[in-house]
Amino acid sequence: MSQPQYPTPVLTLNNLTVSYRQHPALQHISGQLLQGSLTAVVGPNGAGKSTLLKSIAGILHGQAYAPTGSLPPVQLHLPQQAVAYLPQQSELDRSFPMDVRDCVLLGLWGRTGAWGTATAAMLSQVAHALHTVGLQGFERRTVGSLSTGQLQRVLFARLMVQDAPLILLDEPFNAVDAKTTHSLLALVQRWHLQGRTVLAVLHDDAVVHAHFPHTLLLARTCIAWGPTAQVLTPDHWARARAMAEAWDEQAALCTV
């Protein structure tokens with residue numbers, strides 16, 4: 001008799017607490033992301049959604065720690081280079097003189113290094129990714145000349161060539177037109193079917209309900225985490241909003 005197959009965790013959060021200047025941004029977050037899961041992160045403004053993704057990506061400019069126990073607060077069950085991270089567009093410097101092809105090539109940084117040369121196979125990967133997102137012929141356009149939607153397509157092409165098993169998306173459809181959102185959602189669904197794990201910060205409840213089977217509702221702490229229909233209930237949202245209304249940025253410093 002064959003043994004039953006159980007989902008494999010790719011990430012475990014162990015009582016994760018994050019503070020900036022000793023003020024809490026996230027408190028006591030615990031749970032697991034399973035291989036192949038497609039999960040939305042939602043919550044009020046200031047809930048710590050972007051902080052969570054940065055903690056996982058390892059680029060946090062704050063203090064992340066587990067208040068108790070010996071386990072690391074963010075425990076990746078795969079190499080750090082196996083994580084692909086898409087930041088919010090507001091965090092990008094669009095004035096940097098880079099063309100579209102080179103921007104997508106950055107997704108291959110782990111293979112080329114700082115001084116490596118892109119091979120013909122790599123350039124073919126870039127061309128295929130740009131074709132997939134509908135930007136063939138844009139290779140020599142500068143990223144600063146692109147519309148918001150075009151730039152987001154470029155960034156998704158960069159994720160494609162990175163070929164990571166864990167993909168983190170921070171507001172990937174913000175300020176993007178409906179046509180672009182539809183095509184990028186199709187890419188996310190393709191990644192899901194390929195068995196990749198996707199965690200995305202989103203604000204559109206309709207998109208979450210329609211496309212994301214699992215949801216994490218944050219209000220600096222975990223309000224609920226599980227199947228989307230069970231998480232996005234009126235009671236859970238009411239609790240999250242009530243907690244947001246009570247936040248005091250001038251409160252005493254966090255010491256635990």
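View 1. Helices (H or I, at least four residues) and strands (E, at least two) are DSSP runs, numbered from the N terminus. The model is predicted: local features need pLDDT of at least 70, side-chain atom pairs count only at pLDDT 80 or more, and totals for chains, interfaces and linings use all residues. Residues are numbered from 1 along each chain as its sequence is written, and side-chain values use heavy atoms, with hydrogens and water left out.

**View 2. The open sheet.** Six strands form an open sheet in the order S6-S7-S8-S3-S9-S10, with mixed pairing (two strands pair if DSSP finds at least two bridges between them). S6 (83-86) and S10 (222-227) stand at the edges with a single partner strand each, so one side of each has no neighbour in the sheet. On average, neighbouring strands are turned by 15° against each other, direction ignored.

**View 3. The partners of S9.** Strand S3 (residues 38-42) runs parallel to S9 (residues 214-218), and four bridges join them. Val41 has Leu216 in S9 as its bridge partner. S9 also pairs with S10, in the antiparallel sense, over five bridges. Here Thr215 stands opposite Gly226 in S10. S9 and S10 form a hairpin with three residues between them. In the turn, Arg220 has a positive phi of about 70°.

**View 4. Helices on the sheet.** Helix H5 (residues 148-162) lies across S6 and S7 (166-170), and runs at about 175° to S6. Axes are lines fitted to C-alpha atoms, for helices over the stretch in contact, and angles run from 0 to 180 degrees between N-to-C directions. Helix H6 (residues 178-193) packs on the sheet and touches S3, S7 and S8 (197-201). The direction of H6 makes about 130° with that of S3.

**View 5. H5 against H6.** The axes of H5 and H6 come within 10 Å and cross at roughly 10°. The two helices are therefore roughly parallel (angles under 35 degrees). Residues in contact (heavy atoms within 4.5 Å) include Phe156 and Leu159 of H5 and Leu184 and Trp191 of H6.

How values were computed
Parallel < 35°, antiparallel > 145°, perpendicular 65-115°, else oblique.
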